[in-house]
Amino acid sequence: MKYRELIDLIEEIAPNEAFKDMDNSGVQVYTGKEEINRVLVCLEINMDVIEEAKAKGADMILTHHPLIFNPAYTIDYEDYPGRYILEAIRNDICVYSAHLSFDFAPEGNNVFISKLLGLFVNEEGSMENGYYGQLPEPMSFEQACRHVESCLDLPEGYIRCVDGGRDKLVSVGLCTGAGGDYLFKAAARGCDLFITGDMRLHEAQYAKARGMSAIDAGHYGTEKIFTENMAHQLYVKSAEKGLTVDVIMAEANTNPYIL
């Protein structure tokens, strides 16, 4: 597949135009390749991912979290992300990141996790409003915590939880990744439960004071789903257009925390 054709496919799945001024989604490293035969899809890049890409002959690494998130004033092999940038260039591996563009894509992270949790979604998500729905059935606080762990395939005790004290939880606010700011909107809507991947202390205190339960399932815990979701969509989209590219899901562990 031509490099430009692949970029167009990715941006058809996760339109990037609306996020150009607020996020570094898009091309991270372009080595000048005209043809892309194999794409390795992963949440983010570390050395294990780069070694896997080299071993499997990937021409591109497609990530969720941008390799270059903040302006890079120097490229230093002894520093982050300099080492990964240089390793990608040395091995002729392009890098593309679909970050906010995929979070809020029509079938992106928030939609996918809603489906995994079995939520009945009653409003389309957006950057301004977050995602809202209902649990598949009323649950106690403990049941909701176990439901999230099970649906997201997380180890017992991985999540952090705030018990708002309500007997039954039904309505849910949701934002994957660093979505703690959306908790206030969920509280204003009267949600029984808010689920996200990064919740700060004052957000947890606010939820407790409002009598709303909250679950912080971890940034990695709520966004590791990117790999499977994006890989599947890219495979289907390329097949629909009669384009050929080998899409593989990374096996390397990108969770920096020891469980």
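Me: Why are H1 and H10 called oblique to each other?

Reply: Helix H1 (residues 3-13) and helix H10 (residues 225-240) pack at an angle of about 120°, with their axes 10 Å apart. Angles under 35 degrees count as roughly parallel, over 145 as roughly antiparallel, 65 to 115 as roughly perpendicular, and the rest as oblique. H1 and H10 are therefore oblique. The axes are lines fitted to C-alpha atoms, for helices over the stretch in contact, and the angles run from 0 to 180 degrees between N-to-C directions. This is a predicted model, so local features need pLDDT of at least 70 and side-chain atom pairs count only at pLDDT 80 or more, while totals for chains, interfaces and linings use all residues. Residues are numbered from 1 along each chain as its sequence is written, and side-chain values use heavy atoms, with hydrogens and water left out.

Me: What makes the two helices count as meeting, and which residues of H1 and H10 do it?

Reply: Contact means heavy atoms within 4.5 Å. On the H1 side there are Leu6, Leu9, Ile10, Glu12 and Ile13, and they meet Met230, Gln233, Leu234, Lys237 and Ser238 in H10. By class, the residues of this contact of H1 with H10 divide into six nonpolar, two polar and two charged. Here Ala, Val, Leu, Ile, Met, Phe, Trp, Tyr, Cys and Pro count as nonpolar, Asp, Glu, Lys and Arg as charged, and the others, Gly among them, as polar.

Me: And what makes H5 and H10 roughly perpendicular to each other?

Reply: Helix H5 (residues 109-116) and H10 pack at an angle of about 105°, again with axes 10 Å apart. That value falls in the perpendicular range, so H5 and H10 get the label roughly perpendicular. Asn109, Phe112, Ile113 and Leu116 of H5 make the contact with Ile225, Phe226, Glu228 and Asn229 of H10. Sorted by class, that contact of H5 with H10 has five nonpolar, two polar and one charged residues.

Me: How do you know that H2 is roughly parallel to H3?

Reply: For helix H2 (residues 47-55) and helix H3 (residues 82-90), the packing angle is about 5°, with the axes 10 Å apart. That makes H2 roughly parallel to H3. Met47, Ile50 and Lys54 of H2 touch Arg83, Tyr84 and Glu87 of H3. The residues of this contact are three nonpolar, no polar and three charged.

Me: What joins Tyr80 and Pro81?

Reply: A cis peptide bond, with omega at about 5°. Pro81 sits in the loop between strand S3 (60-63) and H3.

Me: What is the phi of Asp92, and where is that residue?

Reply: Phi is near 55°, a positive value in a residue other than glycine. Asp92 lies in the loop between H3 and strand S4 (94-97).

Me: How much space lies in the largest pocket, and which residues are closest to its centre?

Reply: About 470 Å³. The lining has 22 residues, and His99, Leu100, Asp103, Ala178 and His219 are the closest to the centre. Helix H4 (100-103) and helix H9 (219-223) are the elements that give two or more residues to that lining. By class, the lining of the largest pocket has 10 nonpolar, seven polar and five charged residues.

Conventions
Helices (H or I, at least four residues) and strands (E, at least two) are DSSP runs, numbered from the N terminus. On a 1 Å grid over the protein atoms alone, a cavity is a set of points where a 1.4 Å probe fits but cannot get out, and a pocket is an open set with protein on both sides within 12 Å along at least five of seven lines; lining residues have an atom within 4 Å of a point. Grid points are joined across faces, edges and corners, and a volume is the space filled by probe spheres set on the points.
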